[in-house]
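Colleague: I have a few questions about this model. Can we go through it residue by residue?

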Amino acid sequence: MAFRAAVITFPGSNCDRDMAVAIERVSRTAPIRVWHGDAHLPEDLDFIALPGGFSYGDYLRSGAMAANSPIMQSVKRRAERGVPVLGVCNGFQVLTEAGLLPGALMRNASQNFICRTVALKVENDRSLFTSGYAAGQTIDIPVAHHDGNYFADDETLDMLEGEGRVAFRYVENCNGSQRDIAGVLNAEGNVLGMMPHPERAVEQAHGGTDGLALFENAIKTLVSA
């Protein structure tokens, strides 16, 4: 059976096409494009992606309104059933607001929008998303956000550290995130939220391919399962 992925589009998403292109590049199958107002996801999905952008103009809090879109109840149910879910940038914000990941994304410590390539250290190389990398490996991935400052209380941070759920850290903290956290996993390892954009690092013509392994490993593992 062909690989079936879905990319969710919210009002204000602007990286949904980038995400769809990255998934199709690896899987050779165009993902299904799903509107946030739909009540149900297509059946038999192998992979769900929540892209970057500025859903609802980042009003109230980044991701807060999108987290209450009709489609998110279906996303939650699929995640609970083990379907892999990747949230990038605004998608990460939506996942935290929806309660699928702990913590919150606050305004950058500099109060400025940051748009550049940053170095990340791979912390967890055992998840579906990260096992294409080596623990301790440094990769270069673009960031583009105004609210990427990851915050959680000390108990939550200690829990994430102790359970190996920190996926990536900034080599040089660009936004004030606690403990340099750039991406976290849920307890089951099938939900990843990260602020940097791996879908913007899958073609050399765009400046690098360090994001390719994330998609290659996840998709090839799911196809062979």
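Modeller: What follows covers the annotated residues, then a loop residue, the aromatic pairs and a serine. This is a predicted model, in which local features need pLDDT of at least 70 and side-chain atom pairs count only at pLDDT 80 or more, while totals for chains, interfaces and linings use all residues. Residues are numbered from 1 along each chain as its sequence is written, and side-chain values use heavy atoms, with hydrogens and water left out.

Colleague: Which residues does the UniProt annotation "active site" cover?

Modeller: According to the unreviewed UniProt entry, Cys89, His197 and Glu199. UniProt positions are given in the numbering used here, feature names are shortened, and annotations may be inferred rather than shown by experiment. The three are spread over 111 residues of sequence but cluster in space, with a largest C-alpha distance of 10.9 Å.

Colleague: Where is Cys89?

Modeller: Cys89 sits in the loop between strand E4 (85-88) and helix H3 (90-97). Helices (H or I, at least four residues) and strands (E, at least two) are DSSP runs, numbered from the N terminus.

Colleague: Buried or exposed?

Modeller: Cys89 is buried, at a relative accessible area of 5%. Buried means under 20% relative accessible area, exposed over 50%, and partly exposed in between, with a 1.4 Å probe and protein chains only.

Colleague: And what does Cys89 touch?

Modeller: Not counting residues up to four places away in sequence, Cys89 touches Gly52, Ala144, His145, Met194, Met195 and His197. Contact means heavy atoms within 4.5 Å.

Colleague: What about His197, where is that?

Modeller: His197 belongs to the loop between strand E11 (191-194) and helix H5 (212-224). His197 has 1% relative accessibility and so counts as buried. Beyond four places in sequence, its contacts include Cys15, Gly52, Val88 and Cys89.

Colleague: Changing topic. Which residues is Asn14 in contact with?

Modeller: Gly52, Gly53 and Phe54, leaving aside neighbours within four places in sequence. Asn14 is in the loop between strand E1 (5-9) and helix H1 (16-27), and is partly exposed at 45% relative accessibility.

Colleague: Now the rings. How many aromatic pairs does the structure hold?

Modeller: Five. Rings of Phe, Tyr and Trp (its six-membered ring) pair if their centres lie within 6.5 Å; planes under 30 degrees apart count as stacked, over 60 as edge-to-face and the rest as tilted. One of the pairs is Phe54 with Phe113, which is tilted, at 6.4 Å centre to centre and 40 degrees between the planes.

Colleague: Where do Phe54 and Phe113 lie in the chain?

Modeller: They are 59 residues apart, and the pair links distant parts of the chain. Phe54 is in the loop between strand E3 (47-50) and helix H2 (71-80), and Phe113 in the loop between strand E5 (104-106) and strand E6 (114-122). Phe54 is partly exposed at 34% relative accessible area, and Phe113 is partly exposed at 42%.

Colleague: Is Phe92 with Tyr150 stacked or tilted?

Modeller: Stacked, at 6.0 Å centre to centre and 15 degrees between the planes. Phe92 lies in helix H3 and Tyr150 in strand E8 (residues 149-151), so the pair ties together parts 58 residues apart in sequence. Both residues are buried.

Colleague: Last one. Which side chains does the side chain of Ser62 make a polar contact with?

Modeller: Asp58, at 3.4 Å, and Asp147, at 2.9 Å. A polar contact is a pair of N or O atoms within 3.5 Å; within protein, one must be able to donate a hydrogen and the other to accept it, and residues adjacent in sequence count only if both atoms are side-chain atoms. Ser62 is in the loop between E3 and H2 and is buried, with 8% relative accessible area.
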